[in-house]
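This briefing sets out selected features of the structure shown below.

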Amino acid sequence: MQRDPKLVDLDEAMALAVGALAERPDLCLGGLFKQSRPVALVRALLAAGSKGLNLYSSPGAGYDVDLMIAADAVDAVFIPGVTLENRLCPNFRAAVESQRITAHALDALSVVGALMASANGVPFQPIAALKASDVIKHNPLITEFECPITGDTLHAARAVRPRVTFLHAQEADRWGNIRHLSTMVYADQLMARASDLVIVSVDRIVEDDVVLDDPRRVTIPSHYVDAVVHIPYGAHPTASFPLYSIDEEHIDAYADLGDAARKGDGAGLTDYLAQHVTGPADQQAYLDRIGGAKRLQILEQEAAEL
Amino acid sequence: MSDVSPLEQMAVVLARDLKDRELGAAGAAALVPMAAIALARELHAPNLSIGGEMFFNPYPRRLYASMLDDRALGRCEASETFIELFGHSHHGLDFFFHSGLQHDRFGNINLHYVGGSLHEPKMRGPGAANLSYCHTSTRFYICPTVHNDRNFVEKVDFVTIPGHLEGPESKRAAGLMNEGPRFVITPRAVMDFDPDTLEMRLKSVHCGNSVQDVLDHTGFALNVPEGVGQTPPPSEEELELLRNKIDPTGELRH
C-alpha cells in the first residue's frame, strides 16, 4: 500500500466542498481582511453555483465576503467586522439594508471562542470579557451562565463546527502539511482544527524534504487538512505575504462597481462577476484578466520591499 | 506652526499621554494611533511595547491606514494568533484606541448601523472585532478623523463599544471597572469627561479652530468649562520626528 497524497486539482476540491456544503451550508474562510484570503477557492465555489451559505471567518473580512454576497450565495454572515478598511463593503451593506441577508452582531472573542471550543472538543468556551455592549444582546453564539468556580456571570460561546473551511497559505507538501510564511497566521490554525472538511490553496508545492528539514515551520499538520490545491496567486486580490501584496487598485475598482450597483446601476458589477468569477476557465485565465504577469510583478515587488 | 496638519496635532496630543513601559495597541483605524505610539517610543517611552493585536513591536517603514497586515507591520519582533488575542482581551492592555460612525455625550461608540434597527438598518456599518479592550484595558482614547454633527450625536443608535454608558451609576451597574475613554481627540479639539457626571466636555481647541467652531460641529450641547484654551501645538522636535522618521510619506498630511 502507498500513502495517498492530499494534493488534488481544483475540480476535485470543489466536488468535495459542494457536496459537504449541500449537507450543511456552514463555510469558514481563513486569512484576515485583505491578506491570505482563499479567494480562488471562493471564486470556484461561486462558479459552481453554491447558494444559501452561512459565512464564518476570522473576526475581520471584506472583499471575498462582499463578492459572495454580490453573487447571491449568502444567507447569513457570522463575522464581527465586515469592511474594506478604507471604505465600507458595498454589497454587504446593500444586502443587509434591503434585508436580503442577515448580518449577525458578533465580537472577536465569541467567534474565536466558538472555534476554540470546536477545536478542543468541548461544548463551549467561557468568556469573561464581554460587558455592556449592545452586541451582547443580539449575539447568537453566546449564552449567559453562572461560573461554577467564582459565581460570576460569564458568557458561553457555543462550539461552532464549520462544515467546510477554505484557507490560503504560501506552501504545502503533497501530503497536506501547510507552511505559512507570512508574519501573522490569523486564526487559520484554529479553523483547521475546528472544522469538518479543510481545503487549503497554496501558492507553491514544496518537496517533502523542505517540510522534514524544519517541522516547526509547519503551521498546520496534514492531519487537520483534507485537500491541498496548488493555485499560484490564489489569494489575489488579497495578499499572500511575503510573496505578493494587496491589489488595492483591483479591490477599489470592484468596490466602485459595488457602490454603483447599490445606487441602482448594477451593469458593471454583473459584468465584473462574468469576467472574473464565472468567465475564466482556470486560474491562468483569471490572472490574464487582472493584468497578467505585469500586474503580479508589481504586487510581488511591493511585498519584497517591506 | 500654522502648517501643522490636524492629524499631526492629534498624534502629538495622544503621544504625550502614553507612558514608558506601557503595553498597548492601535486598534482598527490605526493611522493616527500608530503615529502617536511611534512618537512616544521615540521620545519619552522607549520601553513602551506594542502588543495585543497578534504582533509585538513592529517597525513599519511608513504609516498605513490599517495596522492589521504584514504590509503595515514591516518587520516586527514576534507574531501571535487569534488564540493569544483571546487571552490579551481578557487580561487587558494599558491603552487602546477606538473610533466609530457615531460617538455620543458619554463616549459610547457605534459601528453597527445608523437609523432603523440592527436587522432593518437604514445604513449598515462595518461592525467591530474587539469589544473587550475598551473595558479590560486601563483606558482608551477616542480619535475619529472627522468631527461633525453627524458623528458626534446626543445618543448613539447602538452601543458597539461602551464608553461611560449613561454616567457613573450605569457604569458601575454594568461592571465597567476601568477608566474607559479618557480623551476624545478630533481634528478640531480635545475633549475629556467631567469626573462627576462622566459627560464629555471641551478641553482645548486646536490652532485654527474657535470654541464656536467646535460647538457648531458637535451634534449635542457640549459643555465648555471656563478657561478652555488652545491645544499645545507640536514642538519642533515632535514635528521633526513625525515628518522625517515616522511618517516620511506624509500620510498624516494628505
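In this predicted model, the centres of domain 1 and domain 2 of chain A, taken over C-alpha atoms, are separated by 28 Å. The contact between them draws on 8 residues from domain 1 of chain A and 7 residues from domain 2 of chain A. By the domain assignment, domain 1 of chain A consists of two segments, 7-101 and 161-304, while domain 2 covers 108-158.

**Confidence**

- The model has an ipTM of 0.96 and a pTM of 0.97.
- For chain B, the mean pLDDT is 96, and 99% of the residues of chain B reach 70 or more.

**Overall form of chain A**

- Chain A contains 12 helices and 14 strands.
- Along the principal axes, the C-alpha atoms of chain A occupy a box of roughly 60 × 60 × 40 Å.
- The radius of gyration of chain A is 19 Å, which agrees with the value near 19 Å for a compact globule of 306 residues.
- Of the 306 residues in chain A, 56% are buried.
- Among contacts in chain A with a separation of 6 or more, 75% join residues 24 or more positions apart.

**Strand S3 of chain A and its burial**

- Strand S3 of chain A spans residues 53-57. Because 5 of its 5 residues are buried, strand S3 is largely enclosed by the rest of the structure.
- Side chains in a regular strand alternate between the two faces of the sheet.
- In S3(A), A:Leu53, A:Leu55 and A:Ser57 point one way, whereas A:Asn54 and A:Tyr56 point the other way. The residues of both sets are buried.

**Neighbours of strand S3**

- Strand S2 of chain A (residues 26-29) pairs with S3(A) in the parallel sense, over 4 bridges. Within this pairing, A:Cys28 has A:Tyr56 of S3(A) as its bridge partner.
- Helix H2 of chain A (residues 39-47) forms a right-handed β-α-β unit together with S2(A) and S3(A).
- Strand S5 of chain A (residues 74-77) also pairs with S3(A) in the parallel sense, here over 3 bridges. The bridge partner of A:Asn54 in S5(A) is A:Ala76.

Technical notes: Residues numbered from 1 in each chain as written. Chains lettered and ligands numbered in written order. Predicted model: local features only at pLDDT ≥ 70, side-chain atom pairs only at ≥ 80, totals over all residues. Helix = DSSP H or I, 4+ residues; strand = E, 2+ residues; numbered from the N terminus. Rg over C-alpha atoms; globule rule 2.2 N^0.38 Å. Buried ≥ 20, exposed ≤ 12 C-beta atoms within 10 Å, placed from the backbone. Contact = placed C-beta atoms within 7 Å. Pairing = 2+ DSSP bridges. Right-handed = clockwise from strand over helix to strand, strands pointing away. pLDDT = per-residue confidence, 0-100. Domains from an automatic or database assignment.
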